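The exercises below are meant to be worked with the coordinates open, and each task is followed by a solution that goes step by step.

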Amino acid sequence: PGEMYSQVPFDKLDGIDATWQRSFGDTTVTGQLAYGRSEGRLSGGVLKAEGKDVLALNVVAEHGPFTGRFGRVDAKVSVKHSVGLTTLLGGLRNAGAALRQPQLTAMADQLDPTEKDASFTSFGLAMDWNNIVAQSEFAKRKTDTYVNDTTSWYLMGGYRFGKVLPYVIHGKVSIDGHPANVVPAGVPALAALRAGAASLPYIGIGQGEQSTTSLGVRWDFHSSAALKVQFDRVKPGVGSGLLLNAKPGFNRDVTVGAVAVDF
């Protein structure tokens with residue numbers, strides 16, 4: 001679900017990793033530790049996100065039909081190529097110095113996305129027992145920059161009829177906290193700065209919040225191929241949720257259909 005996996009823009013790591021595995025009776029534990037750097041894209045590819053000193057830990061325990069997983073990633077994250085953000089930060093710092101408004105300078109330092117601490121912590125459980133398939137994950141994203149802290153989760157359940165597996169998924173992402181817009185209201189000289197801060201994609205309660213309910217079916221029609229059909233009902237929170245390039249003010253439920261063949 002996008003509510004879980006869109007929370008981090010990085011999908012690769014350039015560096016080193018080590019994997020360790022050991023069995024304890026009927027339980028197998030696999031651990032992976034990785035270190036390096038990463039790059040990703042935000043806002044439909046307009047912005048570039050860079051992660052330095054990325055340290056990732058992943059631990060998986062398997063016992064019969066049950067699988068549990070814990071993951072943690074820490075990094076120094078920077079967001080680049082945002083002309084509007086660069087202009088806003090410069091304006092806040094200049095106004096803070098000229099008008100002796102230290103809160104404006106402090107806000108600029110908080111919003112500045114240059115090598116700020118960020119983390120992503122997740123837990124997951126899965127079960128494939130007889131004909132019952134179930135899976136769930138819970139995660140938290142935290143950053144020291146203008147990107148919101150979030151909590152995301154999903155639940156999935158399905159029942160297998162021979163080679164056909166119908167299933168249902170429900171996922172949700174919520175905002176835990178966001179930077180406050182401390183630019184004073186009602187001051188004409190600061191009106192543009194206040195509006196600029198309010199226009200940042202992650203400032204404003206609810207920006208980036210949404211939930212999705214999905215209905216789908218998987219058919220293993222061949223020994224090495226499966227057909228999947230899925231329909232999603234996406235419900236944005238305040239604003240346009242996780243939708244990209246939405247028109248200003250768009251806030252309607254969206255239905256998405258997809259067909260895929262895995263082989």
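**Exercise 1.** Are K48 and E50 buried or exposed?

*Solution.* This is a predicted model, in which local features need pLDDT of at least 70 and side-chain atom pairs count only at pLDDT 80 or more, while totals for chains, interfaces and linings use all residues. Residues are numbered from 1 along each chain as its sequence is written, and side-chain values use heavy atoms, with hydrogens and water left out.

Step one is the accessibility class, where buried means under 20% relative accessible area, exposed over 50% and partly exposed in between (1.4 Å probe, protein chains only). Under this rule both K48 and E50 are buried. Step two is their pairing: K48 forms a salt bridge with E50 (a side-chain nitrogen of Lys or Arg within 4 Å of a carboxyl oxygen of Asp or Glu), and the closest N and O atoms are 3.3 Å apart.

**Exercise 2.** Which parts of the chain does the salt bridge between R93 and D112 tie together?

*Solution.* The side chains of R93 and D112 meet in a salt bridge of 3.4 Å, N to O. R93 lies in helix α2 (residues 83-98) and D112 in the loop between α3 (102-111) and β5, so the pair ties together parts that are 19 residues apart in sequence. R93 is partly exposed, its relative accessible area being 30%.

**Exercise 3.** Describe the sheet, beginning with the order of its strands and ending with the pairing of β4 and β5.

*Solution.* The protein has 4 helices and 11 strands. The 11 strands form an open sheet in the order β1-β2-β3-β4-β5-β6-β7-β8-β9-β10-β11, with antiparallel pairing; two strands pair if DSSP finds at least two bridges between them. Since β1 (14-24) and β11 (254-262) stand at the edges, each with a single partner strand, one side of each is left without a neighbour in the sheet. Within the sheet, β4 and β5 pair in the antiparallel sense over 12 bridges, and R72 stands opposite T121 in β5.

**Exercise 4.** Where is E209 found, and what surrounds its side chain?

*Solution.* E209 is found in the loop between α4 (191-198) and β9 (210-222). E209 is buried yet has no salt bridge, and the nearest side chain of opposite charge, K172, is 7.1 Å away (Lys and Arg count as positive and Asp and Glu as negative; His and the chain ends are not counted). The side chain of E209 does, however, reach the backbone nitrogen of I175 at 2.8 Å. Leaving aside its neighbours within four places in sequence, E209 is in contact (heavy atoms within 4.5 Å) with V173, S174, I175, P236, G237 and G241.

Key: Helices (H or I, at least four residues) and strands (E, at least two) are DSSP runs, numbered from the N terminus. A polar contact is a pair of N or O atoms within 3.5 Å; within protein, one must be able to donate a hydrogen and the other to accept it, and residues adjacent in sequence count only if both atoms are side-chain atoms.
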